[in-house]
Amino acid sequence: MAIMGGASQSLVSDAFISDLLDRVNIVSVIESRIGNQLKRNGANYKCCCPFHDEDTPSFVVNENKGIFTCFGGCDDGKAGNAINFVRKFENLGFVDAVKKLCEECGIEHPFGKEENLDPKAQLRKDILAALSDANVMYQGFLKDPQKQGEAVSYLKSRGIDGQVAKEFGLGVAPKEWAIVMKRLSRKHGADVLKEAGLLTEKNGKKFDMFRDRIMFPISDSRGRVIGFGGRKLDNESDAPKYINSPDTLVFRKSNELYNFDKAQNAGRKTGKLYIVEGYTDVIAHGQFGIKDTVAPLGTAFTDGQLEKVLSVTSEPVMCFDGDSAGRKAAWKAMNMALPHLNDGVRMKFLFYPEGHDPDTLLRSEGVDAYQARLETAMPLSQFVVTELTNRYGNNSPEAAASIAAEAADVISRMPHGVYREVMLKATAATIGLPEQRLIDAMLHQHPQAQIKPAHPIKGRPHPGVSPTRETTSMKGAQPKQSANTAPRGAHFTGGSMIPSMTPPKIGVAPRFQQFQQRYETEIKQLKETGDVEAFTRKAVITELKDNRGAVNARYLADNLTKTIQSFVGEESAKTMAPKIRDYTLTATEKFNKRLVELEKQSHSPSRNPSPSQGMGMGR
Ligand SMILES: [Zn+2]
């Protein structure tokens with residue numbers, strides 16, 4: 001088949017280009033530019049040509065060959081590769097297109113350097129060859145009674161039969177020290193085997209990285225084995241239960257996902273991707289026909305992995321254990337994901353009942369019930385509010401205020417756009433607070449455009465209804481500015497009804513230093529007079545007003561106590577701590593009650609939230 005415009009340009013070696021084309025997935029390259037239009041068509045993908053107007057799809061992409069062809073007349077039906085596509089679609093020259101693709105797959109481009117050939121390209125190929133042979137070898141051992149050890153009985157105990165083992169390429173590393181060395185070093189050389197992460201070295205002696213373990217091959221998006229996960233077979237041994245290949249030239253644990261190569265195709269069909277905890281969860285799903293499933297490799301979910309997931313689907317479903325460790329992991333994953341949640345993305349969360357995993361559930365309740373369970377995955381807003389409600393309770397104004405402040409912090413870290421607005425509405429509705437409360441709390445976390453430096457305590461307008469709601473509209477909001485760089489005492493000039501300051505960011509950023517800066521004057525007084533009560537009163541009231549009640553009272557009390565400890569003394573802080581806490585909690589509660597009454601009075605009857613709607617979180 002004729003290929004358009006030869007890749008061989010004197011600027012860069014053919015070896016580099018062929019390595020680059022090896023690494024990129026043409027389907028991802030195209031989809032990242034035209035959206036999810038490509039539909040599976042036999043061995044190919046097909047859609048309407050992005051380069052000419054047509055109603056019947058004649059644009060065909062072959063993922064394995066890494067080429068696209070328009071059979072509707074473009075380029076006389078000549079095939080093109082990923083570089084050709086980027087050049088054509090983005091109207092770029094060869095060099096710029098190559099630079100762009102290099103950037104997208106995280107390698108350095110070769111231009112403007114003396115050495116324009118990737119010196120590692122050959123080693124990378126050698127490593128891949130060694131890993132491929134190792135994979136074949138480990139799979140063979142699983143069928144070899146001399147080598148399989150306890151592997152077969154372990155797999156059977158997990159309900160994994162020969163068919164499934166084959167589908168996932170499972171193998172076994174026997175209980176020997178140097179089988180890789182013995183069988184593969186003549187062909188590949190010990191150095192390459194070590195670079196591939198198959199051998200490890202201690203005291204100048206090389207021996208096998210994996211021994212007496214079930215082997216799970218990990219592949220790149222093109223299905224080439226780039227590393228392994230290994231689960232120990234001897235439960236008595238104190239070796240770690242799971243180990244992975246170390247990071248190598250071809251494998252970066254934090255960027256890879258187990259089963260991604262197969263799941264990406266399934267996920268493009270279903271429009272979903274399930275992210276489960278581990279290898280065996282992926283396999284359990286696979287056994288029951290849920291093929292669109294991946295897992296991180298024993299580490300927390302990273303943004304590199306999320307990027308991979310989002311290249312396949314806009315609806316990732318994160319599945320976690322229902323215990324507190326699982327919930328913590330989910331919260332962490334959510335925090336990592338926030339900045340990546342652009343429009344069109346709908347991240348969901350699913351928790352298994354405590355003590356269950358996909359395997360036990362699928363076996364006990366059957367695949368239909370399990371599928372129904374997957375369908376109930378929580379949208380992001382529900383997850384956030386549920387977690388915060390678990391944390392703070394749902395029956396006090398103080399809790400509502402804490403939840404609002406934290407939810408606002410979460411939303412403010414999402415990119416501006418429709419999803420963020422949807423999230424804002426849904427969250428407000430779920431908490432049972434007026435949306436404006438959340439918007440205000442968010443704006444307080446974004447000192448921006450309309451700020452003027454002023455001492456926050458003086459010249460405060462009366463807390464009434466905001467005269468200009470427009471200025472608090474989400475559309476006018478600017479990119480986020482870090483709370484830490486916020487001008488001290490900055491506040492909005494008419495956006496919200498009470499001038500704002502940075503509200504508490506619980507567990508997100510240490511705020512003690514800012515707190516000290518903000519109350520510089522008061523702290524000076526405190527040092528002179530030692531009047532702890534006056535200081536506490538002033539700070540609490542200021543915080544409540546500035547944040548329209550959205551204050552985490554416990555956190556605030558901690559900051560007050562710390563301040564007193566630093567400037568008055570340990571003894572005083574100790575005796576005052578319970579009083580400060582009581583005062584802060586009660587004041588916050590009172591303030592929020594009053595605020596609800598105020599809101600009630602100032603709204604027209606149709607928009608009028610009742611106090612119970614305003615603060616109620618019973619759900
Ligand atoms: Zn065309």
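**View 1. The packing of helix α2 against helix α3.** Helix α2, which covers residues 26-34, packs with helix α3, which covers residues 82-90, at an angle of about 15°, and their axes lie 9 Å apart. Because angles under 35 degrees count as roughly parallel, α2 and α3 are therefore described as roughly parallel to each other. The crossing in which α2 passes α3 is right-handed. On the side of α2 the contact is made by Ile26, Val29, Ile30 and Arg33, while α3 contributes Ala82, Phe85, Val86 and Phe89.

**View 2. An open sheet of five strands with antiparallel pairing.** The strands of this sheet follow the order β1-β2-β3-β4-β5. At its edges stand β1 (39-41) and β5 (80-81), and each has a single partner strand, so one side of each is left without a neighbour in the sheet. Strand β4, made of residues 67-70, runs antiparallel to β5 and is joined to β5 by two bridges; within this pair, Ile67 stands opposite Asn81 of β5.

**View 3. An open sheet of six strands with mixed pairing.** Here the strands are arranged in the order β12-β14-β13-β15-β16-β17. The edge positions belong to β12 (257-258) and β17 (378-379), each of which has a single partner strand, so one side of each is left without a neighbour in the sheet. Strand β16, residues 348-352, pairs with β17 in the antiparallel sense over two bridges, and the bridge partner of Lys348 in β17 is Pro379.

**View 4. Helix α11 lying across strands β12, β13 and β14.** Helix α11 spans residues 279-287, and the strands that it lies across include β13 (273-275) and β14 (293-296). Relative to β14, helix α11 runs at about 175°.

**View 5. Confidence along the chain, with two stretches of pLDDT under 50.** The protein has an average pLDDT of 79, and 80% of the residues score at least 70. Over residues 5-9, however, pLDDT stays under 50, and the model has six contacts beyond four places in sequence for this stretch. The pLDDT is also below 50 over residues 447-510, a stretch with 112 contacts in the model beyond near neighbours in sequence. Where pLDDT is low, the predicted coordinates should not be read in detail.

Note on methods
Residues numbered from 1 in each chain as written. Predicted model: local features only at pLDDT ≥ 70, side-chain atom pairs only at ≥ 80, totals over all residues. Axes fitted to C-alpha atoms, helices over the stretch in contact; angles between N-to-C directions. Helix = DSSP H or I, 4+ residues; strand = E, 2+ residues; numbered from the N terminus. Parallel < 35°, antiparallel > 145°, perpendicular 65-115°, else oblique. Left-handed = near helix turned anticlockwise from the far one by under 90°. Contact = placed C-beta atoms within 7 Å. Pairing = 2+ DSSP bridges. pLDDT = per-residue confidence, 0-100.
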